[in-house]
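User: Could you walk me through how to read a few features of this model?

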Amino acid sequence: MKVSLKLDRQRLAGQAPLLTLLLLCLVTALMTDRFLSPLNLTNILVQSSIMAVIAMGMTFVIIAGGFDLSVGSTAALSGCIAAMVMVKAGLLAGVGAGVAAGAAVGLANGLIIAKLDVNPFITTLGMMVLVRGIVFLLTGGAPVGDEGLPGAFLAFGSSRFLGVHYLVWVPAILLAALSWLLHATPYGRRVFATGGGREAAYLSGVRVERIIASTYVWCGALAGLAGVMLAARLQSGQPTAGEFYELTAIAAVVLGGAALHGGEGTLYKTIIGVFIMIVLGNSLNLLNVDSYWQRVAVGAVIIAAAAADRIRSRH
Amino acid sequence: MMAEASTVPAAVVPAPAVSASHVAKRFGATTALDDVSFNVTAGEIHALVGENGAGKSTLMRILDGVHRPDAGTVAIDGIPCRLASPRDAIAAGIVMIPQELRLVPALSVAENLALGDWPTRRLLGVPIFVDRARLRAEAGRALSDIGFAPDPDRRVDSLGFAERQLVAIAKALRRRCRVLILDEPTAALEKREIDRLFGVLQGLKSQGTAIIYVSHRLDEVVALADRCTVLRDGRVAATARRGAFSADDLVHAMTGRAIAAHEPPDMPRGDVVLEDGATLADTMRVHGGEVLGLAGLLGSGADRVLRRLFGLSERPSVVRVNGTTRRLATPACAVAAGIGMVPAERRLGLVMSQSVRDNILLPSLERLRRGGRLDRAAGARLVAGLMDLLDIRPRRPDMKAAALSGGNQQKVILAKWLARAVGVLLLDEPTQGIDVAAKAQIHALVRDFARRGGGVIVGSSDLAELVRLCDSVVALRRGTPVARIERSDLSETRLRTAIGG
């Protein structure tokens, strides 16, 4: 009797992110009738899809015990590079160049952090500023590809397949593929082991430096892909895009129950964390909350999520 | 033989410095302590022994103010009191010296001694400046009280463990500690340092300090303690005065049965399975079916030899495995060559936040790959078989490694390498801090691994363990093998002479 009650409580705690999301939706729906309108719901889905791609990469890094602040800048870099290449060399080359640029930033992060053992916070903070600088150098601060972007690319950013935006299909497919990678393959078990106890994993024969570096490559490549999606949605590469995305992504991962000290986390709960962050922003908008106050609220949620992580890990 | 015989009239005996009467403590469904009474008087060394999970830690934490008992009382000088936090305990003169010392590595010896209670100079009546001269003088006095004189300006992280421990004791005394609780104080000490520590403890005892001494090393308890209390399954199994108990009595009381001394049977030796490329001569080589010991004083380099053989040196090491020369740059190379290592610290052997299953399978993931993915069913079978074979309790593969007892954690680390089917096992202090019963089981598993043709190298500072477990032992001095002693010659005395202890 007592045992089953305890199990139930554990199971309930495991579903806390989902319950939070449902509660948030319920409250917003009761306070404003525009929340449930098809237009608004579509908007939430599309906004969430780009953040979800970034947050999934962030989940890899955080499970392996790391941290990446450079994803917002990387998304902007990839969006601009994709647009530049696309105008000259076509759609696929553009998308490939965008994702590759993101992966390259991730590889740089990964090598510096894993091989040189530099603190991830400092490394990626530096990379965030450095990459943003490169974006402005490349573009001169002006949007890229206002004209000349392939029609298919513009369509990708706005049209639907089976009634659902193409942009939403991307994270849906990635969620399935990456969950398989993380939970069903030897590589995935090594990522968890490295984050849970780097030295113990090393002494078990895991090449921890490669594993850590690889998670930053995943994170960079996915941030790059998100940047390409953002460019499709904005119909241009915007050098200022993606600001504060890193904070939203990290908050989403932590809200989804991943441990900031590594070794724990699931992609599906990260997606729920993304929805919480996006719906929160959406509902504050609908309720006409002053935009300055919105920043205060989002910042508070991020700190609260991190504090909840510490309290969880104490038990 | 093991019963408390109080022939002295109660009125003559002073109240115990600290006592726990009929205390009970539960954590969830587990009863950690059940009707336990324990006391220590001024000028007495009272040893507390028991297997892992017997309730020693819980009792210590109650006396140290970390836990509050569910039932029963704690009294200081016979006066019942409530210790709500370690702060209360320190105020009452009870100080615990845990295995992991609570010192600040980057501060000097003097600063550590004064931490939280700095001597200050005042400016306009406000205490602003730290009075360095007084800080140093007070530190010197506190240290010389226990006959230990390091430079008070030395940083604590430049001291060895034994010296840091003495600093911790000096710090406790500076706080007017009347009851000193020591948790496994000799686990990381070598013989000479243990003798020095015992000298210090005898000195404190004669000055009237009450000492609670918790240890797994029963020979030390017999040599040192005025009284000894044995806990088993959260109850007091026995209490006896000095001279009324032997190490065997203690084992019997701790486990409820006698443990037979284990004599390794003579086994046919196979071919050489591992040979160190760095040492000349034929000292550092192990055959299939052989358990080779490494004996040496602390810092003699047994651990460095093991690390080298596992690819953990600064530079890649060269070894011969089954006759093939291999260059080991990282542990991954060593594992690929069929070498497994059980480190001295269990947190390095296990990913504590992961399940027992994930830990056991970690070195074998590549072998369980089937078409890109992990063959979960095969993995589950492997884990279930090993948990049965090694008697890992509880039999729950999805339990987090951190939740297991020390002995069972050590078995999981062994299971990890058995799953990988390694040919050579390197063990560093394999039974440090593990209770008697689990120790015997681990010895049996190691012998069994050798009987199946595996080669084993064991580094241990416990010479009795080496004599019991090994076919031959290499004695080390300053990282160099000085002698190889075969089974027929093996004895503790012979080993102690060889390592120069």
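**Reading the fold and a helix pair**

Analyst: Happy to! Chain B has 17 helices and 24 strands, where helices (H or I, at least four residues) and strands (E, at least two) are DSSP runs numbered from the N terminus. This is a predicted model, in which local features need pLDDT of at least 70 and side-chain atom pairs count only at pLDDT 80 or more, while totals for chains, interfaces and linings use all residues. Residues are numbered from 1 along each chain as its sequence is written, with chains lettered from A and ligands numbered from 1 in the order in which they are written.

User: How is the radius of gyration of chain B to be read, and what is it?

Analyst: The radius is taken over C-alpha atoms, and the globule rule is 2.2 Å times the number of residues to the power 0.38. For the 501 residues of chain B that rule gives 23 Å; the radius of gyration is 25 Å, close to that, so chain B is as compact as a globular protein of that length. Its C-alpha atoms fill a box of roughly 75 × 50 × 50 Å along the principal axes.

User: At what angle do the axes of α2 and α13 of chain A cross?

Analyst: Axes are lines fitted to C-alpha atoms, for helices over the stretch in contact, and angles run from 0 to 180 degrees between N-to-C directions. Here α2(A) (residues 16-31) and α13(A) (residues 267-286) cross at roughly 20 degrees, their axes coming within 9 Å. Therefore α2(A) is roughly parallel to α13(A) (angles under 35 degrees count as such).

Terms used:
Parallel < 35°, antiparallel > 145°, perpendicular 65-115°, else oblique.
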